Every structure is written in structure tokens, then in C-alpha cells.
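Trainee: I have a model open and some questions about it. Can we go through them one by one?

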Amino acid sequence: MSVDTLTRADADLRSMANAIRFLSMDAIVRAEDGHPGTPLGGADIATGLFTRALKFDASAPEWPDRDRFVHSAGHGSMLLYSLLHLSGYEKIDIEQIKSFRVLGSHTAGHPEYDPAAGIETTTGPLGQGIANAVGMAVAERILNHRFGDDIVDHHTYAFTGDGCLMEGIAAEVIALAGHLQLGKLVFLWDDNRMTDDGPTDQAVSEDQCVRFENNGWHVQSVDGQDAEAVAAAIAIAKTDPRPSMIACRTLIGFGIPRIQNDRAAHGGKITTEDTDAARKALNWPHAPFELPEGVAAAWRDAGARGRSEREAWQARFDALPASEQAEFNRIMAGDLPQGWENAILDAKTRFIESGAPLPGIKASGEMVSALAEAIPELISGAPDLEAATGHKRQLAPFTRDDRGGRYIHYGVREHAMGAMMNGMTVHGGIRSVGTTFLVFSDYMRHTLRMAALMRVPGVFVFSHDSIGIGKNGPTHQPVEYLASLRAYPNMCVLRPADAVEMAEAWQIALKRRTGPTSIICSRQPLGLVRTDDNPCNLSSRGAYVLAEADGPRLATLLATGSEVAIALAARDQLQVQGVPTAVVSMPSFDLFEEQGRSYRDLVLGRGTVRVAVEAAVRFGWDRYIGENGGFVGMTGFGASGETRDVYRHFGITPEAVAAEVMRRL
């Protein structure tokens, strides 16, 4: 029987895989750009998964108990888009396939987070996707523990290539997933032994199967061009309590004679001559973007295969008490429980009544303790810094034996932490918090960028924020990091000046729905600069006048974090010298930029001498102080010594701030 006369019943898995191949080829040729190797070589793997194993309903893409599929090798995005179109996802219609890589389409060069379209996370930087998948698997186990098998019981699958497994983040998450025995996690490795540079043996000699086995994974090897074999391996993997890796041996660029099993298939251009040759080789006589009805119908059936399972789930869900339904719907929608902000107000009152100086990181840890009680979906964690950050407290650890734990011991794996947090967040039902030293945030560079790009609300807490850590020296004194974090679009960066502002920072972070938040904490104790028990969140406007001038304002001092106290001391000196001076606490540039012009003018005191003080580099401050404004801070890296001595050594003192004002009057 020829391909063009296939009926729905006769359509075999190879014909269904070829539908992926030709949609992908035609879209890439039309776009004159793309990566053909992965969708051509991996089509059979994806067909085996989507037609035989994946629990989903294309008509309900955001069904909470669906299996998650992460296309980690995001450069081969046409594999995902073809799958979503063929399965019947409404947002990925044939016009979207034809609009591959066109501005404004849902089919961008690399998959961009859009769960309503079936795109579970943004992938592109290699390794991020598989790490997100590990986070999703953690989220599934946490929610399963809370709501039971009837409501949460699904798998996470990640399609990965050699590049993802070479990246350093892969080592981190493979080890941690095995350690935690995340048995609902399956990696499908497109084992084509080819990268953009050529055969993998140019740079890799390790046996990936042994590598995964050594990390506690269940491992199988199959013919990746045999969809039935892949499906059978997935069925076996689902019976094992360990995470699973299935090595699927494939030929990159399968079907195009010129590039099959060649490095040119990875990202090289293909032409109509190539697709004509593939049509002949694979017995596919159809015009571009056309499918035989039998194959198209078989794919639609695959997309609807999980409908009865979804309906059964819905019936179980509807049988729950109304309060349990409401709670599940609340956390999956990302809404916070009623009354959670009382924990913020109580903490502010408690900090003021105590009056004790607190390190910023300790105040943040106290906020996590208070908020964890009010917000049961809040999950904390740190990379081997439990004692140094104090963000565990009474939280039990999440382990292979206790899925009810709410603190994740990541080990010394900052990159894994950030990407897993993103995975937990996009999975839904989790408010993720991760804590490490600010100087280690560079290990999380891609994860922070992906969180901001996806506009997902993770909370990243960074401690040891400046030269204030003293004796640890310049290797751990992050003078340039504030400017770097502030440069991210969609990232809210907050550097609180005391425990009261810290409570407000947490309130801001948890209310944000349009991007991640970075809370920057001191290691050294900070005395209170706010002693008024004001229920209003002054930090929410980004900057506010903490101390107004006594008399017509001539000078304005702007500061963040630990340097606010220095600015207040400088104000006292200037007032004595007859210079009415205001101090502005500026915990967030981002939030300040959202305010109206009149408020910003009022706070900044335009027309006054403006001096900023921050134990970091000047970059970014000129928009507030002007290019002729004064800045007291860092121009190089730090030094090792007592905190007081280091501040004096670099001239970050009240006397230096006051002198900077006097020079400009």
C-alpha cells in the first residue's frame, strides 16, 4: 500500500514519524533557517512517546495531571512544533508551522514558554531543559505527597541531545535526580553521536549509559529509529523506581541522503533539492505541508488518546470536598492563601520591637520561616549553604524517603538549583526559593536569564552582598553583581537596608507574577533604619525619602542596603554644617522606574546636589545622580580584612559622603 492511500487504521508509526520529518523539512526550507538534524533523526523517538506513552489531551493543554514533555535540545524546535501541530494543539495550526521563525509566531527559533500551546518551558541554552525537567519531577512528587495519586500522578519526559549532556549543568542534575530517586523522570537521549563540530568522539570518550548507571539511574539502549522499541522501553522505564535514561541510537538528519549521519545536518541549510530527495527516499509523494489523511487522522487520534483519562481525573477531582478542590485550584493558579500578608506585618512589628541588629541573610531566613507556615507550597533550598543562609530552619528536607519535605539539599550545585527552581515554577503548584552567595550567582547566569525571559516568579536570595563580608576577601566580594542583576529585563532586584525592608522585600517578591525577584542580603548585622511600625510597604515604590532635610533641601543622598546607615550618618554631619540633606533609601531601581515622574522628581530632589553611596561599582547610578553627581563606592575589587577596616580602606564612610556633597555645593 502506498503512503498516499493509507487509512487511519493502516497508518504505521514510521509513516507518522515521516509526517514529523516532512513538516519540519518544509518549514525549515520555507524559513531558510533552522536545525534539521534533530527533528529528522528524533522523529521516531517522539512518535513512540506521543502515540504510546505520553499522558496528555491536546484539547486541554494545561490539564494539571498531564505528563510534562520538555524538548531540551531546543535548537531542533521543529520536532516539538510538528508534534504539537499533528497532535491537535489549537495554537500550533498549519499557519504556525508555515510561520516558523517568523516574528510574532508561536514557532520561534527555540521553544518559548507557552503552556497553552504545549510548550512547557523555554529551552535553548543547552542543559537548561533537562534541568527544568528534574525540577518538574520534584514538583510532581511534592504535590503527589500532598494531594495523592488520584489527583497528581504523572511523568516528566525530556528529549535530550549530546550537547545537553556535555554541559556542566547536566552532571549536577543527573547526580541529584539519581540521589533523590525521581522515578517519574525519563530522559530520551537522541544518541546520534554527532554535534555541530562533527562526531562526538572528538571531545567525548565516556560511556553515557555507564555514567547514568553510576548516578543511580535505570538505563536502557534501543534503536531510536524504531518507535515501537522506544515505546516498549518507556513502558519498562515506568515500572522502575529510579529515574530512567533511554539511549536511542539514531542517525542525525535521517531521510535526507546528502546530510544523513553528517555534521551538516545539525544546523546546516537544506534546500528543495534535499526535500525532493527525501521524498523519494522515504516514499513520500505529497506536496510541502500536505499530509495523507490517514496519517493526519492517526495523529489526531494520538492527540485525543488521553481524553478519557483526563475525564476520569476530572471526575475524581469533582468528587473531592469543595475545600480541597479550591486549595488545589489556588496553588495551580499561583494564587497565595488568604491572610498570608499577616506574616509580613507581624514580622515588621517583631523586628521593630526587638530593635536588634540582624544580618540581612538572617532576617531573610526568619521571613522564610514565617512565610512557610502561611504558604504551604513554598519550597526552599540552598547549594550546601544551610548553615550560612539559615533558609531551612524548621523545614524538613525533601528526600527519596520523604516527599513531604520542603527544603532541597542541592549539594554544591548552584546551576542545578536555579534551573530546577524554574522547572518547579513552570510546573505549577510550587513557590520556589533558592539561596546562595551573591558571588555564586554567575554560576546561575542562564537560569536567571531564563526565569526573566519566561517571566516566571521564582525568588532568588543572594547573601554576602558586598565588601561587607570582610576577611573572605575579593574572591567573595561581589562588587559588580548588583549592576549585572539590575540589567536583566523583567527581574526585580531588591537590596534591603534593614530587617523591616527585608520583610517588605519578601512581600514584593511573593506578590510578583511577571518575573523573578532577586533579594540581596548582607552577611554583617544591619541596625534598624526604619523604626516606625508603618503597615504600608514603602519599599514597593522602589525608593522613598527615609529622612527628609531639616530645612529647604540642598543635598540628596541615595543608598541601598548596608550603605543606607552610612548615608544617614553623613546626613547628620551635613546638617550640622548647615546643609539640609535628605536620605533616600533605594532598595529597587526596577520598582522606582515604574513610578510616575512627579514621584520620582520628589524623591530624587532634582536641583539638589545628589550623591549615591553603595559598596559596589557605579554602573547604573548615573541616571539618578546625573553624570555630574557624586558617587561613593567601589572602582575595583575588594580586599581581605575586618569589615570596618575594608570600608575605611575604600573610602566608604560618612565623612567621605559628606565631603563629596561639600565638593559639589
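Trainee: Which aspartate meets the side chain of arginine 242 in a salt bridge?

Mentor: First, this is a predicted model, where local features need pLDDT of at least 70, side-chain atom pairs count only at pLDDT 80 or more, and totals for chains, interfaces and linings use all residues. Residues are numbered from 1 along each chain as its sequence is written, and side-chain values use heavy atoms, with hydrogens and water left out. A salt bridge is a side-chain nitrogen of Lys or Arg within 4 Å of a carboxyl oxygen of Asp or Glu. Here the N to O distance is 2.9 Å, and the partner of arginine 242 is aspartate 240.

Trainee: Is aspartate 240 buried or exposed?

Mentor: Buried means under 20% relative accessible area, exposed over 50%, partly exposed in between (1.4 Å probe, protein chains only). Arginine 242, at 30%, is partly exposed. Aspartate 240 has 15% relative accessibility, so it counts as buried.

Trainee: How many residues apart in sequence are the parts that arginine 21 and aspartate 44 tie together?

Mentor: Their side chains meet in a salt bridge at 2.5 Å, N to O. Helices (H or I, at least four residues) and strands (E, at least two) are DSSP runs, numbered from the N terminus. Arginine 21 lies in helix α1 and aspartate 44 in helix α3, so the parts tied together are 23 residues apart.

Trainee: Which residue pairs with glutamate 377 in a salt bridge?

Mentor: Glutamate 377 lies in the loop between α17 and β9. Its partner lies in helix α15, so the pair ties together parts 47 residues apart in sequence. The N to O distance is 2.7 Å, and the partner is arginine 330.

Trainee: How many salt bridges does a search of the whole structure find?

Mentor: Some share partners: Asp465, Arg486, Arg495, Glu563 and Glu614 are joined into one network. The search of the whole structure finds 43.

Trainee: Is α19 roughly parallel or roughly antiparallel to α20?

Mentor: Axes are lines fitted to C-alpha atoms, for helices over the stretch in contact, and angles run from 0 to 180 degrees between N-to-C directions. Angles under 35 degrees count as roughly parallel, over 145 as roughly antiparallel, 65 to 115 as roughly perpendicular and the rest as oblique. Helices α19 and α20 pack at about 20 degrees, with axes 8 Å apart. That makes α19, relative to α20, roughly parallel.

Trainee: Where is threonine 156 found?

Mentor: Threonine 156 is buried, at 0% relative accessible area. Contact means heavy atoms within 4.5 Å. Not counting residues up to four places away in sequence, threonine 156 touches several residues, including Arg68 and Lys184. It is found in strand β2.
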